[in-house]
Amino acid sequence: MTVVAVLAALVASSGPAQAQQPYESMLLEAVKGDPLPPGWRIDGEAGTRELVWRAPKAVPMGDARVEFRAGDRPLGVPKPARDGRTFRLGLEEKEIRPEQLTDLQVTAAGRRLDVSADDTPGSGSRVARMPAQAPANGVDPGEPGAYRTVAGEYDLDPVRLPGYATPVEMRAQVVAPKNAAGSRPLALFLHGRHDTCYKPGSEDDINGDWPCADGYKPIPSYLGHLRDQRLLASQGYVTVSISANGVNAQDLETEDAGAQARSSLVRQHLAHWADWSAHRSTAPAVVREAVKADLSRVLLVGHSRGGEGVNRAAMDSLYPPPAAEDGYRGPVRWKVRGTVLIGPTIFGQNPVADVPSVTLLPGCDGDVSDLQGEGFVDGTRGVSRGTALHSAVYMVGANHNYFNSEWTPGEAVASARDDFGDDPEQPDPVCAPGAATRLTAAQQHKAGATYIAAAARLFLAGDDRVLPLLDGSGRRAPSADPARVLTHAVGGRRSAGFLPDGGAQVTGARLCSAVDPDPAVACLDPDAAGSSPHFASWETQQETGRSAVHLKWSVPGAAARVTPAVPLSLRGSQKLALRVFVPPNTTGTTFDVSVTDSSDRRVTLGSVRVDGLPGSANTASHWAQELRVPLSAATRAGLDLGHVESLELTPRSRSGQAWLMDAWGWAPGTSAVKATALARVDVGRAMVEEGDSGTRTYRIPVEVSGHGGGQVRVYVIDPAGGRAENRLVTVRPGGDTVDVPVEVKGDTAYGDDVEHDIAVKAVRGAVVGKHRGGITVKNDDPAPVVTLSPVADRVSEGGTLTWRLSVDAPAAADLWEPVRVLPVTQGAELSTKDVDPRWLKDFSGDVPDPERPLSDAHLWVWLNIPPGSTGVDFAVPTVRDQVAEPAESTRLALTDRRAEPLPDRPVLTGTVLDQP
């Protein structure tokens with residue numbers, strides 16, 4: 001039987017009366033003496049056990065989810081306390097046993113929060129270099145237009161959204177053209193997750209409450225896109241930026257991190273705009289004064305969690321969500337032509353394949369630092385027709401917050417910060433303020449506005465002249481200078497993709513997995529400096545269907561070949577476009593690119609060169625650049641472009657490594673986009689009680705709606721170990737095609753609630769709304785009664801004082817119960833030199849010297865009673881000395897979670913007699 005103890009760094013105190021605050025503590029296993037990392041503890045009473053981490057300083061409210069992990073295994077999303085430093089994860093539903101709490105980590109978007117930057121793997125010793133400036137594009141969308149503008153706000157009655165106790169505001173800032181002819185396209189902005197309230201006159205008194213308390217004002221995050229709005233309005237677009245503080249304050253409890261609520265809020269606003277376009281007299285004053293909005297041409301712009309929110313709004317506008325989950329029930333009277341996603345989250349990894357998108361990826365993002373928004377591009381491949389363009393825009397030196405002026409120091413009305421959070425004693429070579437590769441706030445916001453305007457011009461105005469700024473053609477917008485901006489894309493007029501997934505054969509290189517705990521299988525070495533947006537983690541430790549081709553060579557000339565399952569057609573394409581990345585800060589990596597047809601004719605198309613992006617151990621700079629080679633050599637050689645059998649990359653550099661994400665036939669221009677009728681999948685959650693006997697089978701609620709059939713990959717997550725089994729499932733609306741039974745055995749033993757979850761991802765012909773859910777089996781048995789009794793409470797020096805912590809019935813889960821050593825009320829007290837020094841170190845982290853009463857060693861010990869057991873002993877080994885002394889004693893009590901003795905339980909005394 002293992003005894004697990006929590007040692008508490010108690011405040012200097014001679015008694016329990018002064019122990020007023022929760023204690024800092026760490027977990028120690030008495031047998032092994034193996035502590036949790038500093039700052040961690042297990043807290044709580046039976047039924048409310050929590051894993052607690054306390055940060056060395058406040059963690060600001062942001063968009064990335066703070067997660068606890070045990071190595072590669074996700075443990076869950078903890079709840080932050082108001083102090084911003086303490087994070088608590090309930091263990092009751094996770095079935096986490098003490099021995100599984102190894103290699104504990106705190107991450108947010110893949111970035112470690114519990115270690116300093118110099119403790120992270122890899123240092124990235126190469127010098128960061130600024131990418132070369134690209135040639136200017138013929139059209140610059142960052143130049144202001146000629147329209148006069150009008151600006152103002154509206155504030156409507158708040159709305160109630162499913163799952164949110166407090167109504168959400170309907171407030172917005174409008175900037176629009178004035179006296180323009182006809183109706184004009186509408187661009188709607190949705191800000192991300194940020195603090196919601198501030199106290200005027202204070203330096204940093206901010207919080208995440210809603211509504212704001214007396215003396216506090218709302219932080220106006222919705223005003224943070226005014227410069228973007230003014231630029232677009234001058235160019236002829238109606239713009240509205242909506243407030244979502246009410247969602248931000250309440251989305252912590254939701255499984256989708258608020259995506260559905262944000263979608264509902266967006267569509268509530270769009271419904272009002274549709275009403276106002278039809279009935280101008282009912283509109284707010286600023287809307288009446290502005291030009292009429294054309295709801296058939298809508299662009300949705302979202303920052304951070306707002307990006308995931310507008311993506312869901314685009315999805316919900318095409319494929320309605322389950323009514324019970326939706327906060328908007330009316331008709332869709334608008335058409336979303338595209339989305340702009342700025343440093344977005346994509347917790348669901350569920351992009352909308354048939355709505356064009358531009359995703360801005362900030363190279364110095366300190367919030368959504370894994371740049372998981374790349375999934376809005378990569379995740380669309382093969383899902384639908386592939387005619388919608390999905391562009392990724394990598395902005396070197398941009399952080400997360402400066403795209404919103406209300407999150408920018410010196411511009412915001414409330415406290416704001418640089419989210420990258422650089423250490424001045426060890427400045428990051430790429431992202432530290434003042435580094436050659438780092439943008440100022442003004443430079444970043446100007447560049448961001450320019451690329452938002454490029455998307456508006458392409459998706460709403462249909463102007464293909466701005467396409468080279470977004471599709472990997474290597475052109476720049478001078479208005480964005482001095483920012484260095486690189487792009488790649490999928491979809492549009494690309495065809496015939498060489499994809500590592502789907503049965504492709506790879507020789508001369510390694511077919512690797514984006515997410516896998518085995519370093520031999522994973523694409524990126526865990527010790528590599530920095531990370532890759534293409535390999536951002538999701539809900540599981542291992543994923544199927546996310547692969548790349550990893551090339552590594554020590555001499556030039558050895559070709560890597562990719563052979564798809566069936567020959568591909570490149571007819572109609574002008575070039576072959578490859579997405580390839582190399583390690584950050586490397587230069588001069590070159591390849592020959594060759595293709596072979598089904599008649600075994602091989603033609604070298606040309607050579608390409610790629611340099612690594614500026615990167616460090618703190619950046620996600622392993623990002624693919626688009627490289628193109630003409631197909632003219634293949635045409636001249638008579639190669640059958642209708643039946644291309646394989647693609648080869650032959651390194652010409654002396655040594656190096658590279659990763660091929662995919663390759664496509666490319667042609668200029670854009671394609672007409674028409675949404676395909678797709679099946680939609682939403683995973684629900686059901687709560688059931690375990691019962692006292694018998695076995696019941698429940699099925700995880702999954703709703704399939706929409707039209708047509710498609711395929712999704714279903715991951716069934718083991719509640720005990722966190723590992724997942726997956727299978728490919730064909731879905732059709734109205735059927736029980738996603739059938740995941742859960743067997744529940746009733747008992748009368750107290751246990752934890754248990755979550756049996758699945759996670760779902762679209763593969764082809766489908767979209768996924770709510771991607772995770774399951775069956776939660778609620779414990780319906782009372783907690784056992786805990787007692788503390790003496791086993792050996794009177795011993796001679798050298799003997800062992802022993803007490804028994806018992807329960808009246810064995811439990812089905814680990815029980816954690818705290819006991820505390822208290823000062824004696826009369827006579828002599830055992831001292832720190834009267835007990836075994838190793839025991840003292842293991843249980844209190846303390847040493848015998850200087851000698852002091854044992855109660856001053858801050859012994860607050862959490863004892864673990866394993867499942868099926870009825871008790872555990874707490875033993876205090878004493879030592880024999882040569883000093884004649886009277887009998888000495890110590891007192892032991894059961895306590896609450898704040899180390900206060902339980903008032904209805906006895907305090908026990910143990911006595912040690914002098915050895916005769």
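Tutor: A residue is termed buried under 20% relative accessible area, exposed over 50% and partly exposed in between, with a 1.4 Å probe and protein chains only. The structure is a predicted model, in which local features need pLDDT of at least 70, side-chain atom pairs count only at pLDDT 80 or more, and totals for chains, interfaces and linings use all residues. Residues are numbered from 1 along each chain as its sequence is written, and side-chain values use heavy atoms, with hydrogens and water left out.

Student: Why is cysteine 364 called buried?

Tutor: Its relative accessibility is 1%, and the term applies under 20%. Cysteine 364 therefore counts as buried.

Student: What makes cysteine 364 and cysteine 431 a disulfide?

Tutor: The term denotes a pair of cysteine sulfur atoms within 2.5 Å. The S to S distance of cysteine 364 and cysteine 431 is 2.0 Å, and a disulfide joins them. The pair links distant parts of the chain, 67 residues apart: cysteine 364 is in the loop between strand E20 (357–362) and helix H6 (375–378), and cysteine 431 is in the loop between strand E21 (390–395) and helix H7 (441–459). Helices (H or I, at least four residues) and strands (E, at least two) are DSSP runs, numbered from the N terminus.

Student: Which handedness has the link of cysteine 512 and cysteine 523?

Tutor: With 95 degrees about the S-S bond, this link is right-handed. Cysteine 512 lies in strand E25 (residues 510–513) and cysteine 523 in the loop between E25 and strand E26 (547–553), so the pair ties together parts that are 11 residues apart in sequence. The sulfur atoms of cysteine 512 and cysteine 523 are 2.1 Å apart.

Student: Why do cysteine 512 and cysteine 523 count as buried?

Tutor: Cysteine 512 has 2% relative accessibility and so counts as buried. Cysteine 523 is buried as well, with a relative accessible area of 1%.

Student: How many disulfides does a search of the whole structure find?

Tutor: The search finds 3 disulfides. One of them is formed by cysteine 197 and cysteine 212, whose sulfur atoms are 2.0 Å apart. The torsion about that S-S bond is about -90 degrees, so the disulfide is left-handed.
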